[in-house]
Amino acid sequence: MSDGCAAGAGGGGAGGGGCANAIAAEVVKPMPNSPEMATLMRATVACVAIRVKDWAILSAMTALRITADVEVLDTGTLLALAGPSNDHLKLVAKTLSIECGVRGNTIRLAGDADKVALAERFLAEAAQMIRGGTQLDAQDYARGVQAIRDDPSLSLAELFEDVVLITARRRPINAKGLAQKRYIQAIRSHDLTFGIGPAGTGKTYLAMAMAVHALLERRVKRIILARPAVEAGERLGFLPGDLAEKVNPYLRPLYDALHDMMDPDKASGLVSRGQIEVAPLAFMRGRTLNDCFVILDEAQNATSDQMRMFLTRLGYASRAVVTGDVTQSDLPQGARSGLAEARELLAAIEGIAFCHFTDVDVVRHPLVQRIILAYDRRDAEIAQRREQE
């Protein structure tokens, strides 16, 4: 913290032993230019100069408005940290409801004590990552601030530098927020993980990145990607071609994600050799999947029987991830989603992890988050009206 922060703390009243001494001396009302007055002035200066270093104490000072300076000596780091036209700093200020500006090589923060302290910590850690070569985009700033606010024990390096996979285009795949970080940790530590939440939260993409990494590291022998062949609200009618060509449209999103992570020729070679298999959920019946990383996508469209069938396919040295959004089921009217049922039946079983995402965790276009919120409000209003009828 800067001396400006300490000045705010001293001006607020109580600040520690030095403040208490100053108050006690003030009651005596010493004469001007007397030794007592000099002692009082020294105690007051000491009170003002106190630097609050304990995070827990500072977090409790939510009603106190303070200022703090973050000095960044390296101009290149400062420019990357602030972003074009200081957009990154504006985003931090908006997220935390504080004021933020730059003068020279100093970033000045002003606002509630706990929020300023959080911003100061975030900027210090972000500057250190930038100096180390890590690139942070605008959304990383918003998600990073939110993540360390939700979990103060988490560092930015733990969040953004835990790389799951380097794609063929040399792009790192890592967590984009606290929910994704916990999701990755759950997949690593559990044989069966459920990722449940709205579209755009990275559930399937991260699971596939984990699967590709496991295959390349030879921790598994095969990747199996499954998806229910259910149309999204429209009847497509007769599809031409053989069986593979008929089901390919339903599996296209999985192929797209796979080709985004790997060189297309290498991915095609792995598919042709059977090391990566993309298949409809119905094809899983009767199989035992050993030494596999299995992913069931769009699981909200699996029936109760299909979900039970899939979960009992898991064999020796295998790992499975089930992803879906229980609010987006395309099953016939009145049919119960196997994903919703599994969430109720299996939540208490040891060795199974359930990770839930919300609109806050959406990593697609910012409009997607607002669209999800609008539909959620509509659904809540409909449910409320039905309860009242």
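## Helix α7 on the sheet

Helix α7, residues 113–131, lies across strands β1 and β3. Its direction is about 150 degrees from that of β3. The model is a predicted one.

## The three-stranded sheet

β1 and β3 belong to an open sheet of 3 strands. The strand order is β1-β3-β2, and the pairing is antiparallel. β1 (65–71) and β2 (99–103) are the edge strands. Each has a single partner strand, so one side of each lacks a neighbour in the sheet. On average, neighbouring strands here are turned by 20 degrees against each other, direction ignored.

Strand β3 covers residues 106–112. β1 and β3 run antiparallel and are joined by 7 bridges.

## Packing of α6 against α7

Two packed helices are described by the angle between their axes and the distance between the axes. For α6 (residues 87–96) and α7, the angle is about 150 degrees and the axes are 10 Å apart. Angles over 145 degrees count as roughly antiparallel, so α6 is roughly antiparallel to α7. The crossing of the two helices is right-handed.

Which residues make the contact? From α6 come Leu89, Val92 and Leu96. From α7 come Lys115, Leu118, Ala119, Phe122 and Leu123. By class, the contact of α6 with α7 has 7 nonpolar residues, 1 charged residue and no polar ones. Lys115 is in this contact, and lysine counts as charged.

## The β4–β5 hairpin

Strands β4 (residues 163–166) and β5 (residues 172–174) run antiparallel, joined by 3 bridges. Val163 has Asn174 of β5 as its bridge partner. The hairpin has 5 residues between its strands.

Arg170 sits in the loop between β4 and β5. Its phi is positive, near 65 degrees, in a residue other than glycine. Is Arg170 buried or exposed? Its relative accessibility is 66%. Exposed means over 50%, so Arg170 counts as exposed.

Arg218 has a positive phi of about 60 degrees, although it is not a glycine. Where does Arg218 lie? It is in the loop between helix α11 (203–216) and strand β7 (222–227). At 78% relative accessibility, Arg218 counts as exposed.

How values were computed: Residues numbered from 1 in each chain as written. Predicted model: local features only at pLDDT ≥ 70, side-chain atom pairs only at ≥ 80, totals over all residues. Heavy atoms only, no water. Pairing = 2+ DSSP bridges. Helix = DSSP H or I, 4+ residues; strand = E, 2+ residues; numbered from the N terminus. Axes fitted to C-alpha atoms, helices over the stretch in contact; angles between N-to-C directions. Contact = heavy atoms within 4.5 Å. Parallel < 35°, antiparallel > 145°, perpendicular 65-115°, else oblique. Left-handed = near helix turned anticlockwise from the far one by under 90°. Buried < 20%, exposed > 50% of the residue type's maximum accessible area, 1.4 Å probe, protein only.
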